[in-house]
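Please keep the sequence and the 3D view open while reading.

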Amino acid sequence: MEPLPLLIAVVLGLATTVSAGPAAVECWFVEDSGSLAKRPAALLLRQGPRGPPPRPDLDPKLYFKVDDPAGMLLAAFRRYPAGAPAPHCEMSRFIPFPASANWARGLIPQQNCPRALDGDWLLVSVSSTVFSLSVLLRPQPEPQREPDFTMATVVLTVLTHSPNPRIQLGKDAVLDLSFAYMPPTLEDALSPAAGPPPFGLEWRRQHRGKGHLLLAATPGLAGETPPAQEKAVAFAAWDDNEPWGPWTGNGTFWLPAVKPFQEGIYLATVHLPYLQGQVSLQLTVHKPPKVSLTPAPLVWAAPGETPPELLCLVSHFYPAAGLRVEWERRGGPEGGSGKAEGETWLSTVRHHSDGSVSQAGHLRLPPVTAKQHGARYACRVHHPSLPASGRSAEVTLEVAGLSGPSIEDSIGLFLSAFLLLGLIKALGWMAAYLTIHKDSKAKVTAASLDSKKSQ
Ligand SMILES: *[C@@H]1O[C@H](CO)[C@@H](O)[C@H](O)[C@H]1NC(C)=O
């Protein structure tokens, strides 16, 4: 049995290449010097035994060999799926500045930016379908640089693995956020071992160009933070308390019972003294519809007549846009299936208090012939919340006539109906009799009571 081990080897081989992720990330260096200028840049995450592969196409000042002491950036890319579209990466210069919000004042006890933060800084933003992250990088000072590339150390990473959360209407949204920090040190000064620095966490929603603060937290710091909105909760903590970095932390955000008005861009910001990192997430809400057809499961018509209108009820879905109702004929005289003939239209939208909507599709069939007996009609509903094949409900057409129930069947039906009518009549009489009987009995008791009382 040769093929099996070979297959396993191949699968394992694939698995390792998949889990290794890209060795380098192509980026744009964006400079705002009057006009926006874009220059190609790259982040080298891994290298072979012979060192960084040469990149003559890049300015060595924009070819960065990444050192990531906390490992969060490298770990995120190591899990990057091979088939996923390439991430979008952009970088620009960054100047350390204190957080401007009042509630974040407690983060900066010193008046001046510490000397350890001197020098060049780069802000790198990476967005993809798999994650969204932002990184503050410190390139090595000019005199110590290599000729072909630039060493750069990751100081702060802010990362989410759910850049495009799709939440079902009424369910809770959990927007994950992690961050990692490696304090920069002066070359010749020992920084005191003091554990992770204080941090501030901020979650906002961007709506029509306006930011709306939902939650702010400065764990362990005195001072007032604005109250959380919309019952939002965040898990805001460092994962450990080691005296020396790097440290990782968790800023996962939880929003209960999501409604349509909460759709939008969410901005998560981690504030450290003079340093910030921010990622954006796009939250959308959806709800798949329930689909039913009336009349069901049968619709009757005589030859030459129009059957009753078919109504396809598409209820409690979100968003209102993107609904499509198709009518199909399945089976029938020619067999097979196809588009149903007849007049179709959609009713107006009905709004529900939870933000979902309902709508109905109508089908008016043309007059039927006996040959259409047994054909089934289905409405197929397409909506962004449903898989591509949609969701459907069907009804069977019964045509009274020759190819419908046979003469014998009709006689049988007639007789059964006749007998049933008789039975109903008989039951009716019996019921009437029983009621009268009970009534007279009741009257008798009442009368005897009366007579007892009068005694
Ligand atoms: C962050 O906290 C949330 C809530 O406790 C938890 O579910 C999640 O796994 C944590 N994330 C990490 C990366 O530890």
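The model is predicted. The protein chain holds 3 helices and 28 strands. Of its 455 residues, 29% are buried.

**Overall make-up**

**The three-stranded sheet**

- An open sheet of 3 strands has the order β9-β16-β13, with antiparallel pairing.
- The edges are taken by β9 (173–175) and β13 (233–234); each has a single partner strand, so one side of each has no neighbour in the sheet.
- β13 is joined to β16 (residues 253–255) by 2 bridges, and the two strands run antiparallel.
- Across this pairing, Val 233 stands opposite Trp 254 in β16.

**The five-stranded sheet**

- A second open sheet has 5 strands in the order β20-β28-β27-β22-β23, and its pairing is mixed.
- β20 (298–301) and β23 (337–339) are its edge strands, each pairing on one side only.
- From one strand to the next, the twist averages 30°.
- Within this sheet, β22 (residues 324–330) and β27 (residues 376–382) are antiparallel and share 7 bridges.
- Arg 330 has Arg 376 in β27 as its bridge partner.

- β11 (residues 200–207) and β12 (residues 210–217) run antiparallel and are joined by 7 bridges.
- Trp 203 stands opposite Leu 215 in β12.
- The two strands form a hairpin with 2 residues between them, and Arg 208 in the turn has a positive phi of about 50°.

**β18 and its partners**

- β17 (residues 264–272) pairs with β18 in the antiparallel sense over 9 bridges.
- The bridge partner of His 271 is Gln 276 in β18.
- β17 and β18 form a hairpin with 2 residues between them; in its turn, Tyr 274 has a positive phi of about 70°.
- β18 (residues 275–286) also pairs with β8 (residues 166–168), here in the parallel sense and over 3 bridges.

**Around the ligand**

- Which residues are around the ligand? They are Ser 178, Phe 235, Asn 250 and Thr 252.
- This shell divides into 1 nonpolar residue, 3 polar residues and no charged ones.

**Val 349 in its loop**

- Val 349 lies in the loop between β24 (343–346) and β25 (350–351).
- Is Val 349 buried or exposed? Val 349 counts as exposed because it has 12 C-beta neighbours inside 10 Å, and the cut-off for exposed is 12 or fewer.
- Leaving aside residues up to four places away in sequence, Val 349 touches Ala 320, Val 357 and Gln 359.
- Ala 360 is 11 residues from Val 349 along the chain, and their C-alpha atoms are separated by 8.1 Å.

Conventions. Residues numbered from 1 in each chain as written. Predicted model: local features only at pLDDT ≥ 70, side-chain atom pairs only at ≥ 80, totals over all residues. Pairing = 2+ DSSP bridges. Helix = DSSP H or I, 4+ residues; strand = E, 2+ residues; numbered from the N terminus. Near = placed C-beta within 6 Å. Nonpolar A, V, L, I, M, F, W, Y, C, P; charged D, E, K, R; others polar. Axes fitted to C-alpha atoms, helices over the stretch in contact; angles between N-to-C directions. Buried ≥ 20, exposed ≤ 12 C-beta atoms within 10 Å, placed from the backbone. Contact = placed C-beta atoms within 7 Å.
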